[in-house]
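Good morning, colleagues. Please bring up the sequence and the model, and I shall go through a few of its packing arrangements with you.

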Amino acid sequence: MSLLRAEQLYKTYGDKTLFEHISFVIEERDRIGLIGVNGTGKSTLLKILAKEDSAEEGELYHANAFKIEYLPQEPELDEHLSVLEQIYYGESTIMKTMRHYEKTLQELEQHPENAKLQEKLLDAQQQMDENEAWAANTAAKQVLTKLGITDFSKQVSELSGGQKKRTAIAKALIQPADLLVMDEPTNHLDHESIEWLESYLSVYQGAFIVVTHDRYFLNRVTNRIYEIDQGNLYTYEGNYELFLEKKAEREALEEQAEVKRKNILRTELEWLRRMPKARGTKQKARVERVKNLKEMKGPEKREDVDFAVGSVRLGKKVLEVENISKAYDSHVLFSSFSYLVTPGERLGIIGPNGSGKTTLLNILAGKERPDTGEVETGETVRIGYYSQEHEDMDVNQRVIEYIRDIKEVVVTTDGKELTAEQMLERFLFPRAMQWNYIYRLSGGERRRLYLLGVLMREPNVLFLDEPTNDLDTQTLSVLENYLVHFPGVVITVSHDRYFLDKVVGSLLVFSSHDSIERFQGGYSDYLDAVRDQNQKAQAVPENSTPKSKRAKKKMSYKEQQEWNGIEDKIADLEQKKEEIEEKIAEAGSDFEKAQQWMEEQQTVEKELDEAIQRWTELSVLVEEMQTD
């Protein structure tokens, strides 16, 4: 049974057509993921469904009693309400009943001897019974608790930005609705909250449509994908993984159709040039056919957002962190933290919101000073910093001016020169769009432009603070591929599981005890390790030896000496490998000399692999010692 039917929706923004008369149907129990490049109108479509905006042409059809609940990217809450008053907002009977009950309960807690309030509470409890609201009341509080909101009486004005977003999510989830519309609900949620939201949506009674950049989330909660592309809407049955397969098939068919169109057009044009003698009506029909073939639009030529720009060569020394500490007022974020960043490292920083991840990133990048300790930066280090804000972005500039102010031309790793215009095209800004003012761009388009500006400065050390927020899945996929081949160092703060799995090789984990722990592996590896540890802790046999009596694992003197010097050994081997590669290049056509250096390269690469493997073994031993 269909819940909502959209017919021939047409919408423009300036001179851009967002929807070219699109139509679709939303059925009961649909779990729809809405995707598309930033600026294609995803958020606009959600607003139209929620009647926060309207299409210029077309209609929406649904039953009179149809109820939509809308969660925008930046929800607006009533600052004068408490958390519970905010989430019980609404005119449905069950919402009014719960709101009345909670308000009466709070009043009675303040005046416990008031007989009239006691009678009022009994009446409110009776209404809860009659309207079967107890289960909904319990569910609402569970939702808040699972999202990290435990003080239900707290005023909205006292909440942090992240707490307000979680309160808005809770409000959207508990409101009775036929269709739940969500715009980036996973932004700023930690892993535990996202996992809980996935499980909650798996049993959600209504249908929902969601815009999100979290591809694991999309894969786990959706059964249909809607893609907006060049004003058209394409629908796919299945989750995000199946969408990728089906989209590749669609694009291949479009390319085949375009080749066929061009071949027919070439044949018809050749016929016209020969000007054969034929009946006028027949000739006129073929001329009309040629005209139609010319006017037909083929699939837009897509260039991958691959931005393999060369960077300044990075030396052996990158960053050395010695016993740094940071606190705000009486709250200690971390203390006595030391770390050595090595060339080629891919490091992720994870932890709860507010634990100090961005602060650590700012200290490493030299944007903030630690309270104690030092951070030494190598002489060859050139930092590119992608922050959560659009730093130094004048919205009154044109897109092309913003890029040209950074650099007119850059050189790729293969020696090819690219102009500012070409680079913008690779980042999905066509020539006509390059002369738009920045203030006319969508939020996601501004993020993409800002990312391009950071990469164009040709850094060799990249700091990325929540880079996945507000970027579309296509740009994220290409950014990930770029980072995989990036020759420098990448240090990123992110809560995006897919992104971290694709990009990083080790993690700095903020714990709840003001400490930062190191983990070797990706984010999913870390989560698996945590689950295994929790399962083992819960499954300790009754006759197990107490921890205090177990023999602690120790390093031998030889292992300790090896551990102390192994990172320097790895760095030396990587440096030696680079020098040999230069020698091979210099050898040119001298085959014998090149052959000698290639044999030397194989030896060094083998030693490097063995050193990295040994580092992994020793690091596991160190972690086990720390755990014990």
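Helix 5 and helix 6 cross in a right-handed sense. Please bear in mind that this is a predicted model. Helix 5 covers residues 134-146, and helix 6 covers residues 161-174. Their axes come within 9 Å of each other and cross at roughly 150°. Because an angle over 145 degrees counts as roughly antiparallel, helix 5 is described as roughly antiparallel to helix 6.

Which residues make this contact? From helix 5 they are Ala140, Val143 and Leu144, and from helix 6 they are Ala170, Leu173 and Ile174. Sorted by class, the contact comprises six nonpolar residues, with no polar and no charged ones.

Let us stay with helix 6 for a moment and turn to Gly161, which belongs to that helix. Is Gly161 buried or exposed? Its relative accessible area is 57%, and because the cut-off for exposed is over 50%, Gly161 counts as exposed. Gly161 also lies 9.8 Å from Glu74, C-alpha to C-alpha, although 87 residues separate Gly161 and Glu74 in sequence.

I now move to a second pair of helices. Two packed helices are described by the angle between their axes and the distance between those axes. Helix 3, residues 93-110, packs with helix 4, residues 115-130, at an angle of about 155°. The axes of helix 3 and helix 4 are 9 Å apart. That angle makes helix 3 roughly antiparallel to helix 4. How is this crossing handed, left or right? Helix 3 and helix 4 cross in a left-handed manner.

On the helix 3 side, the contact includes Thr97, Met98, His100 and Tyr101, together with Thr104, Leu105, Glu107 and Leu108. Helix 4 contributes residues including Leu117, Gln118, Lys120, Leu121 and Asp123, and also Ala124, Gln125, Gln127 and Met128. By class, the contact of helix 3 with helix 4 holds eight nonpolar, six polar and three charged residues.

Finally, the chain as a whole. It has 628 residues, of which 44% are buried. Its secondary structure amounts to 19 helices and 20 strands. Taking contacts between residues at least 6 apart in sequence, 69% join residues at least 24 apart. The accessible surface of the chain is about 33,300 Å², and carbon and sulfur atoms account for 47% of that surface.

Thank you for your attention.

How values were computed
Residues are numbered from 1 along each chain as its sequence is written. This is a predicted model: local features need pLDDT of at least 70, side-chain atom pairs count only at pLDDT 80 or more; totals for chains, interfaces and linings use all residues. Side-chain values use heavy atoms; hydrogens and water are left out. Helices (H or I, at least four residues) and strands (E, at least two) are DSSP runs, numbered from the N terminus. Buried means under 20% relative accessible area, exposed over 50%, partly exposed in between (1.4 Å probe, protein chains only). Contact means heavy atoms within 4.5 Å. Accessible areas come from the Shrake-Rupley method with a 1.4 Å probe; for residues, only the protein chains shown count as cover. Axes are lines fitted to C-alpha atoms, for helices over the stretch in contact, and angles run from 0 to 180 degrees between N-to-C directions. Angles under 35 degrees count as roughly parallel, over 145 as roughly antiparallel, 65 to 115 as roughly perpendicular and the rest as oblique. A crossing is left-handed if the near helix is turned anticlockwise from the far one by less than a right angle, and right-handed if clockwise. Ala, Val, Leu, Ile, Met, Phe, Trp, Tyr, Cys and Pro count as nonpolar, Asp, Glu, Lys and Arg as charged, and the others, Gly among them, as polar.
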